[in-house]
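Dear colleague,

Please find below the structure that I am handing over to you, followed by an account of what was found in it. I would be grateful if you could read the account with the structure open beside it.

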Amino acid sequence: MRILLTNDDGIEAEGLECLERIARTLSDDVWVCAPAVEQSGKGRGITLTEPLRVAKLGDKRFAVTGTPTDCVVLAVNDLMPEKPDLVLSGVNRGHNIGEDVSYSGTVAGALQGMAFGIRSIALSQSLERFHDAVVAHWETAEAFAPAIISRLLAQKWAPGVVMNLNFPNRRPEEVEQVEVTTQGFRDVGEMHAVRRTDLRGRDYYWMSFRGEKQEHPEGTDLRAIDEGRISVTPLHIDLTHMPSVNDLKKVLGGAPPRAVVAA
């Protein structure tokens with residue numbers, strides 16, 4: 001089995017080292033193509049306004065001046081002799097659950113693999129809090145990911161599906177359960193901009209998260225991670241809300257309307 005690894009934390013990230021160890025328990029044909037610098041939060045962004053440069057750092061190892069999506073595209077189309085059998089993206093430093101998945105570069109790497117018809121899995125390790133001084137429990141992802149991945153690969157996947165694995169902020173011996181979950185959604189918007197002033201008196205902004213404690217519904221990825229379980233969520237890229245489609249078909253369709261109706 002040929003495996004392609006990517007991430008959004010960058011080629012030097014500890015999580016990528018962890019992912020390499022995980023991948024090598026499954027295969028000895030492991031390729032790495034990751035961003036040269038951190039690309040967190042870039043989602044499915046692709047680089048269109050500047051050239052991409054590739055640095056070969058070793059046998060089957062490349063750094064790209066672009067996003068995770070760029071990395072997978074280049075690896076599959078140009079850098080690898082044959083299409084990989086599996087794409088693994090991560091292990092991200094911090095979980096990717098709830099609405100995080102819509103802007104996660106880690107999930108985006110897996111989605112691009114899926115777009116090429118390759119089974120793809122995103123992996124993330126939850127943190128106590130997001131701070132440079134916090135050390136992630138990489139040993140937890142490393143302990144459980146190989147067996148979970150092997151079981152996922154033994155199953156038939158529906159077209160267009162990627163698997164999103166999140167490991168809780170606990171040591172391996174403290175993790176007792178794995179749960180197949182749905183994508184949750186936080187009730188309170190955590191993202192906000194912090195305004196600061198530079199030395200010239202000009203305002204600038206840092207995007208940040210409030211991290212407010214919330215109660216989440218059972219069965220969601222948010223609840224599983226909060227309660228110390230491994231979360232496995234099958235995701236797909238189809239964003240169509242079918243109940244709304246059916247409702248709208250009752251009032252729109254056929255010749256375009258010309259009369260304005262009251263709201």
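A residue is called buried under 20% relative accessible area and exposed over 50%, with partly exposed in between. Please bear in mind throughout that this is a predicted model.

Glu-227, at 35%, counts as partly exposed. Both residues belong to one network, in which salt bridges with shared partners join Glu-179, Glu-218, Arg-223, Glu-227 and Arg-229. The count of salt bridges in the model comes to 14.

The nonpolar cores

The largest nonpolar core contains 35 residues, and those that touch the most other members are Leu-5, Leu-88, Ile-121, Leu-123, Ile-149 and Leu-165. Two or more residues each are given to this core by E1, helix H1 (14-24), E2, strand E5 (86-93), strand E6 (119-125), helix H4 (138-153), strand E7 (161-167) and E11. H4 provides the largest share of this core, namely seven residues.

Leu-5 illustrates the packing. Not counting residues up to four places away in sequence, Leu-5 touches Leu-16, Leu-19, Glu-20, Ala-23, Val-30, Trp-31, Val-32, Cys-33 and Leu-88.

Helix H2 and its surroundings

Which residues of helix H2 (residues 68-79) are buried? They are Pro-68, Thr-69, Asp-70, Cys-71, Val-72, Leu-74, Ala-75 and Val-76. These buried residues pack against strand E1 (2-6), strand E2 (29-35), strand E3 (54-58), strand E4 (61-64) and helix H3 (105-115).

Gln-112 has its place in helix H3. At a relative accessible area of 10%, Gln-112 is buried. Leaving aside neighbours within four places in sequence, Gln-112 is in contact with Arg-44, Thr-69, Val-72 and Val-73.

The second largest pocket

The volume of the second largest pocket is about 390 Å³. It is lined by 20 residues, of which Val-101, Ser-102, Gln-183, His-236 and Leu-239 are the closest to its centre. By class, the lining of this pocket has nine nonpolar, eight polar and three charged residues. H3 and strand E11 (230-236) each supply at least two residues of that lining, and E11 accounts for the largest share, four residues.

Loops and backbone geometry

Ile-11 lies in the loop between E1 and H1. Beyond neighbours within four places in sequence, Ile-11 is in contact with Leu-16, Val-32, Ala-34, Pro-35, Ala-36, Leu-57, Arg-61, Phe-62 and Ala-63. The C-alpha atoms of Ile-11 and Arg-210 are separated by 28 Å, the two residues being 199 residues apart along the chain.

Two points of backbone geometry may be checked on the model. The peptide bond from Gly-90 to Val-91 is cis, with omega near -15 degrees, and Val-91 has its place in strand E5. Lys-60, in the loop between E3 and E4, has phi near 65 degrees, which is a positive value in a residue other than glycine. With a relative accessible area of 21%, Lys-60 is partly exposed.

With kind regards

Definitions and conventions: Residues numbered from 1 in each chain as written. Predicted model: local features only at pLDDT ≥ 70, side-chain atom pairs only at ≥ 80, totals over all residues. Heavy atoms only, no water. Salt bridge = Lys/Arg side-chain N within 4 Å of Asp/Glu carboxyl O. Buried < 20%, exposed > 50% of the residue type's maximum accessible area, 1.4 Å probe, protein only. Contact = heavy atoms within 4.5 Å. 1 Å grid on protein atoms, 1.4 Å probe; cavity = no way out; pocket = protein on both sides within 12 Å on 5 of 7 lines; lining within 4 Å. Points joined across faces, edges and corners; volume = space filled by probe spheres on them. Nonpolar A, V, L, I, M, F, W, Y, C, P; charged D, E, K, R; others polar. Core = buried A, V, L, I, M, F, W, Y, C linked by side-chain atoms within 4.5 Å.
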